Amino acid sequence: MTKILIVDDALTIRMYHRTVLQEAGYEVVEAENGMEAIEKAHLDSFDLFLVDINMPKMDGYAFLTEVRQTEAIKSIPAIMISTEAEGRDRIEAFRNGSTSYLVKPVRPDVLQQAVALLSGGGAS
């Protein structure tokens with residue numbers, strides 16, 4: 001089963017993304033910030049990261065920079081997801097290692113399609 005790490009400081013957003021992805025058949029693990037996500041990424045195996053930009057302790061940019069410099073996890077695809085719709089935010093996300101970029105709120109079908117595309121085509 002495809003396993004996704006959702007990294008977002010907002011509980012309601014994590015719950016929404018978890019519900020949408022679990023309904024599509026994905027296994028989901030959550031982290032409240034980049035620091036917690038780095039720890040979980042080293043302890044478990046993931047197929048995709050779904051990462052918010054603005055978080056306390058370690059933001060999404062710093063998380064992706066750390067991931068891309070760590071041999072064991074650097075090739076895991078990452079979708080940066082944020083309320084930030086400015087072009088510069090998108091550019092910064094890709095500069096820091098994002099594979100894709102979505103703007104919140106994301107419709108369930110769009111999120112499921114993006115995840116399926118980057119996680120090998122499906123939940124199972």
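This is a predicted model: local features need pLDDT of at least 70, side-chain atom pairs count only at pLDDT 80 or more; totals for chains, interfaces and linings use all residues.
Helix α1 covers residues 11–23. It has 13 residues. From its first C-alpha to its last it reaches 18 Å, close to the 18 Å expected at 1.5 Å a residue. Its buried residues are Arg 14, His 17, Val 20 and Leu 21. Seen down the axis of α1, these residues fall within an arc of 135 degrees, so they line one face of the helix. Thr 12 and Glu 23, on the other side of α1, are exposed. Just after the helix comes Gly 25, which takes a positive phi of about 95 degrees.

The strands were examined next. Five of them form an open sheet, in the order β2-β1-β3-β4-β5. The pairing is parallel. β2 and β5 (100–103) stand at the edges. Each has a single partner strand, so one side of each is left without a neighbour in the sheet. On average, neighbouring strands of this sheet are turned by 20 degrees against each other, direction ignored. Strands of a sheet pair through backbone hydrogen bonds, either parallel or antiparallel. Between β4 and β5, which run parallel, there are four bridges. Met 80 stands opposite Tyr 101 in β5.

Two further helices were placed relative to the strands. Helix α3 (residues 60–68) lies across β3 and β4. Its direction is at about 150 degrees to β3. Helix α5 lies across β1, β3, β4 and β5. It runs at about 175 degrees to β5.

Is Lys 3 buried or exposed? The relative accessible area of Lys 3 is 13%. Buried means under 20%, so Lys 3 counts as buried. Its neighbours within four places in sequence were left aside when contacts were listed. Lys 3 is then in contact with Glu 27, Val 29, Asp 44, Ser 45, Phe 46, Asp 47 and Leu 48.

Definitions and conventions
Residues are numbered from 1 along each chain as its sequence is written. Side-chain values use heavy atoms; hydrogens and water are left out. Helices (H or I, at least four residues) and strands (E, at least two) are DSSP runs, numbered from the N terminus. The expected span of a helix is 1.5 Å times one less than its number of residues. Buried means under 20% relative accessible area, exposed over 50%, partly exposed in between (1.4 Å probe, protein chains only). The arc is that of the directions from the helix axis to the C-beta atoms. Two strands pair if DSSP finds at least two bridges between them. Axes are lines fitted to C-alpha atoms, for helices over the stretch in contact, and angles run from 0 to 180 degrees between N-to-C directions. Contact means heavy atoms within 4.5 Å.
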